[in-house]
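Here are my notes on the model, as numbered points. Please read them with the structure open.

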Amino acid sequence: MGSEQKTVDVNFDSLLRIFTVPEGPDSTLTKIEDGLSKNLNQFLREHIVAEEKPLRDIEKDFSNPIIPEQPEFVSDHTQHLLDTLVAQSVHTSAPSFIGHMTSALPYFLMPLSKIMIALNQNLVKIETSKAFTPLERQVLGMLHRLIYSQDDAFYSHWMHSAGHSLGAFCSGGTIANITALWVARNNALKAEGNFKGVEKEGLFKAMKHYGYEGLAILVSERGHYSLKKAADTLGIGQESLVSVKTDDNNRLCPTDLKAKFAHLKQQNIKAFAVIGVAGTTETGSIDPLTDIAEICQQEACHFHVDAAWGGATLMSNNHRHMLAGIELADSVTIDAHKQLYIPMGAGMVLFKNPDAMSSIEHHAQYILRKGSKDLGTHTLEGSRSGMAMLVYASMHIISRPGYELLIDQSIEKAQYFANLIDQQDDFQLISKPELCLLTYRYTPKETIAALKVATKAQASQINDLLNGLTKFIQKRQRETGKSFVSRTRLNPGEMHHQNTIVFRVVLANPLTTYDILESVLAEQREIAKQAPKLMNQINLLTEEICQTNN
């Protein structure tokens with residue numbers, strides 16, 4: 001435990017000071033602000049400890065459940081946070097930490113965030129947000145136009161229309177996806193005759209009225225885990241999230257999508273939404289959006305695209321063709337805190353039809369009155385901060401061509417890393433990058449050759465050992481603290497569709513250099529030597545396979 005902190009007596013005058021008077025020029029807090037302003041990355045590098053401390057030891061620093069009876073001096077408490085919290089945080093912006101979706105942030109977001117926090121606007125209603133409401137509506141309009149490319153007249157008419165919304169700001173992709181599916185469900189079970197709609201009468205009466213035996217959402221096997229939460233929240237149950245097969249490139253198979261629709265119809269189950277993924281979390285793969293849109297049109301089904309990760313690619317005129325068909329979607333999720341380089345907590349959902357969100361409209365007398373331009377009438381969350389301000393600022397300061405450069409360099413870097421892995425005789429590229437995500441694993445040279453001639457049973461044995469080695473390398477690399485890659489599980493065709501644990505990297509950070517990528521592989525190669533028992537087992541099995549099959 002650290003040294004005891006000085007405390008002060010509680011009195012109203014000292015409380016007023018923390019609301020009005022900043023710390024002096026030599027205080028810890030002022031020095032932190034100064035450090036963050038001068039060189040953001042250097043400040044983080046100096047204050048985040050590279051070597052990982054066990055979680056159980058960190059928990060000891062945060063184990064006191066008693067609210068203090070005496071206040072601490074601001075600077076003393078700030079020092080405590082630096083020592084216990086900041087030091088043991090994850091260095092998400094480090095150029096060698098390439099396993100995260102998060103990246104380095106532009107420096108200007110620090111002072112702008114300070115303004116945003118100081119203003120403390122609540123975007124639920126006009127009365128507590130004023131100019132922030134039209135600003136948020138404009139940001140939604142800008143992203144809507146990026147996706148749907150409607151003309152000036154469309155945005156003049158709908159962007160600030162009181163009874164409509166082109167979308168909603170959310171805390172992240174999970175809430176954005178839930179919002180899109182909530183709208184889809186309510187529109188599929190809307191008021192008809194004496195039935196007042198699912199939002200008024202509930203799921204049981206809605207199913208009874210429409211004569212359905214069940215409801216379903218169709219999504220690829222690589223769909224994000226948040227979709228299970230959506231199925232649960234919407235009351236249809238996780239088992240109603242129906243998986244559609246993916247091909248060897250991890251993309252949804254349109255043929256299987258058609259087959260799944262036919263199967264559900266036979267059981268009198270209504271598929272009310274299909275989700276196409278534009279940039280899967282594990283491999284960055286993009287589903288065939290145009291084909292999915294065509295099937296959805298035939299089936300009169302809501303088509304949602306989860307582009308939380310890949311949506312920013314639309315900023316690049318050189319690569320936006322990869323998302324062809326996204327403009328045919330009824331709704332799209334996009335996260336600004338991924339490749340739009342905004343701090344965590346900025347997701348969005350956009351709807352093609354400005355009327356779509358009327359199916360989830362809510363009003364209250366003291367707030368969200370009918371006819372007002374309050375954004376809270378169409379959002380799942382109530383009180384929300386003004387994160388839209390940071391997206392607005394970034395889109396103006398970085399601009400579309402600036403984002404294009406960032407997107408292009410990330411895709412080029414992923415291609416470079418994929419080629420680098422292919423050139424090594426002891427690494428295997430598992431999934432080629434479409435965007436800036438790729439997966440690979442370390443495999444001794446002789447083992448790669450053995451796998452080519454191995455039977456399915458032999459490949460399975462060796463795969464289990466390689467899975468153990470991948471886990472070991474990834475964990476040891478993370479604990480050492482020089483660099484970080486994440487890991488995930490895939491079922492690649494070349495591994496007979498067996499569970500295969502792989503390294504996963506995201507090359508979105510513009511500060512990551514080619515030299516860093518080379519050093520990540522060199523470090524992994526060295527770490528493999530630190531698992532002699534596993535390596536010995538792999539080598540023995542490799543020899544056995546080569547002898548039996550040659």
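Predicted model: local features only at pLDDT ≥ 70, side-chain atom pairs only at ≥ 80, totals over all residues.

1. A search of the whole structure gives 10 aromatic pairs.

2. **An edge-to-face pair.** Take phenylalanine 195 and tyrosine 210. Their ring centres are 6.0 Å apart and their planes stand at 90 degrees, so the pair is edge-to-face. An angle over 60 degrees is what that class requires.

3. **What the pair connects.** Phenylalanine 195 sits in the loop between α9 (173-188) and α10 (198-210), while tyrosine 210 belongs to helix α10. The pair therefore ties together parts that are 15 residues apart in sequence. Phenylalanine 195 is buried, at 5% relative accessible area.

4. **A stacked pair.** Tyrosine 210 also pairs with tyrosine 212. Here the geometry is stacked: 5.7 Å from centre to centre, with 5 degrees between the planes. Tyrosine 212 has a relative accessibility of 21% and counts as partly exposed. The cut-off for buried is under 20%, so tyrosine 212 falls in the partly exposed class.

5. **Positive phi at serine 149.** Most residues other than glycine have a negative phi. Serine 149 has a positive one, near 50 degrees. Where does serine 149 lie? Its place is the loop between α7 (132-148) and α8 (152-158). Serine 149 is exposed, with 52% relative accessible area.

6. **Positive phi at alanine 300.** Alanine 300 is not glycine either, and its phi is positive, near 50 degrees. This residue lies in the loop between α13 (289-299) and β5 (302-306). Is alanine 300 buried or exposed? Alanine 300 is exposed, with a relative accessible area of 64%.

7. **Nonpolar surface patch.** Val10, Phe12, Leu15, Leu16, Ile18, Phe19, Leu29 and Val74 make up a nonpolar patch on the surface. Together these residues have about 810 Å² of accessible area. Which element gives the largest share of the patch? Helix α1 (residues 12-20) does, with 5 residues.

8. Leucine 15 is one of the patch residues. Leucine 15 is placed in helix α1. Its relative accessible area is 38%, which makes leucine 15 partly exposed.

Terms used
Residues numbered from 1 in each chain as written. Heavy atoms only, no water. Phe/Tyr/Trp six-rings, centres within 6.5 Å; stacked < 30°, edge-to-face > 60°. Helix = DSSP H or I, 4+ residues; strand = E, 2+ residues; numbered from the N terminus. Buried < 20%, exposed > 50% of the residue type's maximum accessible area, 1.4 Å probe, protein only. Patch = residues over 30% accessible without salt bridge, like charges linked within 9 Å, V, L, I, M, F, W, Y side chains within 5 Å. Areas by Shrake-Rupley, 256 points an atom, 1.4 Å probe, with all protein chains shown as cover. Salt bridge = Lys/Arg side-chain N within 4 Å of Asp/Glu carboxyl O.
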